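Subject: Structure for you to look at

Hello,

Here is the structure I said I would pass on. Please open it next to this message and follow the notes below as you go.

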Amino acid sequence: MARWLSSSASAKTCCQHSQRACKQPEKLEIIQIGYNQYRSAMPFNLLAVPDDSGAAGLQEGICRQWLQHAWQEWCLLLQEPCYTLQMASCLCLAEVGITFWVIHRMAYREIDWKTYMTQVEGVVNDTYDYMQQQGDTGPLVYPAGFVYIFMGQFYATGQGTDIRMAQNIFAPLYLATLLLVFLIYHQTSKVFFFMCCASYRVHSILCCGLFNDPVAMALFFLSINLFLARRWSWGCCCFSLAVSVKMFAPGLLFLLVTQFGFGGALSKLRLPFLLENPIGYLSLSFHLGRQFLSHWTVNWRFLPETFFLHRGLHLALLAAHLALPLLFALCRWHRTGENILSLLKDPSKRKVPPQPLTPNQVVSTLFTSNFIGICFSRSLHCQFYLWYFHILPYLLWATPARWLTHLLRLLVLGHIELSWNTYPSTSCSSAALHICHAVILLQLWLGPQSLPSSSKPSKKAH
């Protein structure tokens with residue numbers, strides 16, 4: 001009887017405890033069940049939290065695993081080419097706000113805008129002789145495309161007086177340039193293009209400087225997109241417009257000769273100036289002997305001014321500028337096994353018929369030759385950063401190199417940005433810029449060839 005009473009009391013006590021447990025909130029049980037399901041679904045588990053560690057430990061464990069999973073997804077988003085369009089869309093939307101914030105917050109700095117408008121006004125008044133064109137900072141030294149494009153801005157901004165209107169014109173131009181750059185990276189399946197938005201100096205140049213460099217580079221990137229779409233004629237027209245705004249010399253000739261044999265064309269936009277004074281136009285718009293002030297240089301600050309202005313240095317840089325692209329053409333870009341002179345023949349008469357150029361072949365050739373021009377430039381000014389900023393991520397990650405780790409590549413980009421943001425430039429900033437350029441050139445030369453000559457034809461039609 002006593003045993004029965006004892007067991008009955010125990011059962012009653014257990015029942016009471018069970019009833020109390022049933023009356024308690026079921027939050028802990030739900031957390032436990034959800035956490036166990038989450039752990040069983042995840043392929044990783046670094047928590048090792050015991051099941052009886054309590055609600056706080058479980059919630060902390062879930063948070064840790066969620067953060068780790070989010071970090072892995074973020075790394076995948078940055079490293080997989082299939083996500084470039086999604087990333088580009090988000091970056092473009094963010095840049096819309098950033099660009100207009102920069103316009104309204106950063107002070108406008110007058111450097112060349114008034115000179116541009118003065119020179120354009122002379123053309124509006126029918127002065128086509130380049131020898132008679134003068135501005136606040138010197139004579140007109142840009143080709144005819146610059147005059148025509150900035151003539152439109154002359155009228156749109158009230159003869160150059162409405163600075164805010166000019167900035168509002170340059171803002172969509174910057175966004176269009178960024179979109180064209182993202183399309184290039186997407187077609188070449190290259191990542192790390194998001195770094196094209198990470199420059200204070202570039203935002204300042206594009207939105208507050210009102211230089212002609214953004215116009216030239218927008219046309220340059222548009223021409224590359226047309227080349228990738230096999231629209232060679234339209235691409236050459238846009239490329240000619242880019243050169244007619246501001247002269248630079250990428251390796252387009254090599255690509256055209258490779259595909260179509262030797263040939264060339266002249267831009268009709270130069271005709272009125274050639275008729276008025278052809279010698280003056282050619283000598284000033286493509287003035288190779290122009291002198292630059294050492295005060296503005298970004299890349300040669302460590303040189304004495306007398307040596308900086310010495311004609312021997314200029315000739316040596318010009319020789320290097322011409323020789324290095326030729327070496328790249330002979331040793332890196334031309335991989336068919338034929339003599340490079342065979343490229344001068346008509347494609348139908350060659351022993352090895354030309355294969356359609358891959359997107360990476362087109363972009364790598366143009367970007368590398370453009371970068372070589374920057375490396376051996378007689379003088380780089382603050383706005384010239386725009387000439388190659390957007391191509392730096394491609395050049396650094398275009399070819400795999402074991403000695404050049406991701407961290408080292410990021411350091412190279414960081415030092416380049418720091419050098420361009422140092423104003424006025426110093427001997428250390430200029431030397432650091434040359435060291436970074438040398439690292440990139442060495443990687444492009446020594447890196448394994450990622451552009452095989454026997455590439456498969458593209459699915460796109462000629």
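**Two helix pairs**

The axes of helix 4 (residues 84–105) and helix 7 (residues 163–187) come within 10 Å of each other and cross at roughly 160 degrees. An angle over 145 degrees counts as roughly antiparallel, so helix 4 is roughly antiparallel to helix 7. Their crossing is right-handed. Before going on, please note that this is a predicted model.

Which residues make the contact between these two helices? On the helix 4 side they are Thr-84, Leu-85, Ala-88, Leu-91, Cys-92, Glu-95, Val-96, Thr-99, Phe-100, Ile-103 and His-104. On the helix 7 side they are Arg-164, Gln-167, Asn-168, Ala-171, Tyr-174, Leu-175, Leu-178, Leu-179, Phe-182 and His-186. Sorted by class, the residues of this contact are 13 nonpolar, six polar and two charged.

The second pair is helix 9 (residues 213–228) with helix 16 (residues 359–375), which pack at an angle of about 155 degrees with their axes 10 Å apart. That angle makes helix 9 roughly antiparallel to helix 16. Helix 9 passes helix 16 in a right-handed crossing. Phe-220, Phe-221, Ile-224, Phe-227 and Leu-228 in helix 9 meet Pro-359, Val-362, Val-363, Leu-366 and Phe-367 in helix 16. This contact has ten nonpolar residues, with no polar and no charged ones.

**The chain as a whole**

The protein chain has 462 residues, and 47% of them are buried. Its secondary structure comes to 19 helices and two strands. The chain exposes about 24200 Å², and carbon and sulfur atoms supply 65% of that area.

Two C-alpha pairs can be looked up as examples of residues separated along the chain. Ser-189 and Pro-359 are 170 residues apart along the chain, and their C-alpha atoms are separated by 9.2 Å. Phe-389 and Met-195 are 194 residues apart along the chain, with 9.5 Å between their C-alpha atoms.

**Residues from those pairs**

Ser-189 is in the loop between helix 7 and helix 8 (200–209). Is Ser-189 buried or partly exposed? Its relative accessible area is 44%, so Ser-189 is partly exposed.

Phe-389 lies in the loop between helix 16 and helix 17 (392–397). Its relative accessibility is 6%, so Phe-389 counts as buried. Leaving out residues up to four places away in sequence, Phe-389 touches Met-195, Cys-196, Ala-198, Ser-199, Val-202 and Glu-417.

**Backbone points to check**

Most residues other than glycine have a negative phi, and most peptide bonds are trans.

Leu-210 is not a glycine, yet it has a positive phi of about 55 degrees. Leu-210 is found in the loop between helix 8 and helix 9. With a relative accessible area of 0%, Leu-210 is buried.

Arg-230 is not a glycine either, and its phi is positive at about 65 degrees. Arg-230 is in the loop between helix 9 and helix 10 (232–245). Its relative accessibility is 7%; the cut-off for buried is under 20%, and therefore Arg-230 counts as buried.

Where is the cis peptide bond? It joins Tyr-423 and Pro-424, and its omega is about -10 degrees. Pro-424 is in the loop between helix 18 (406–421) and helix 19.

Ser-430 is placed in helix 19 (residues 427–446). At 0% relative accessibility, Ser-430 counts as buried. What does Ser-430 contact, leaving aside its neighbours within four places in sequence? The residues are Val-298, Asn-299, Trp-300, Arg-301, Phe-302 and Ser-425.

That is what I have for this one.

Regards

Note on methods
Residues are numbered from 1 along each chain as its sequence is written. This is a predicted model: local features need pLDDT of at least 70, side-chain atom pairs count only at pLDDT 80 or more; totals for chains, interfaces and linings use all residues. Side-chain values use heavy atoms; hydrogens and water are left out. Axes are lines fitted to C-alpha atoms, for helices over the stretch in contact, and angles run from 0 to 180 degrees between N-to-C directions. Helices (H or I, at least four residues) and strands (E, at least two) are DSSP runs, numbered from the N terminus. Angles under 35 degrees count as roughly parallel, over 145 as roughly antiparallel, 65 to 115 as roughly perpendicular and the rest as oblique. A crossing is left-handed if the near helix is turned anticlockwise from the far one by less than a right angle, and right-handed if clockwise. Contact means heavy atoms within 4.5 Å. Ala, Val, Leu, Ile, Met, Phe, Trp, Tyr, Cys and Pro count as nonpolar, Asp, Glu, Lys and Arg as charged, and the others, Gly among them, as polar. Buried means under 20% relative accessible area, exposed over 50%, partly exposed in between (1.4 Å probe, protein chains only). Accessible areas come from the Shrake-Rupley method with a 1.4 Å probe; for residues, only the protein chains shown count as cover.
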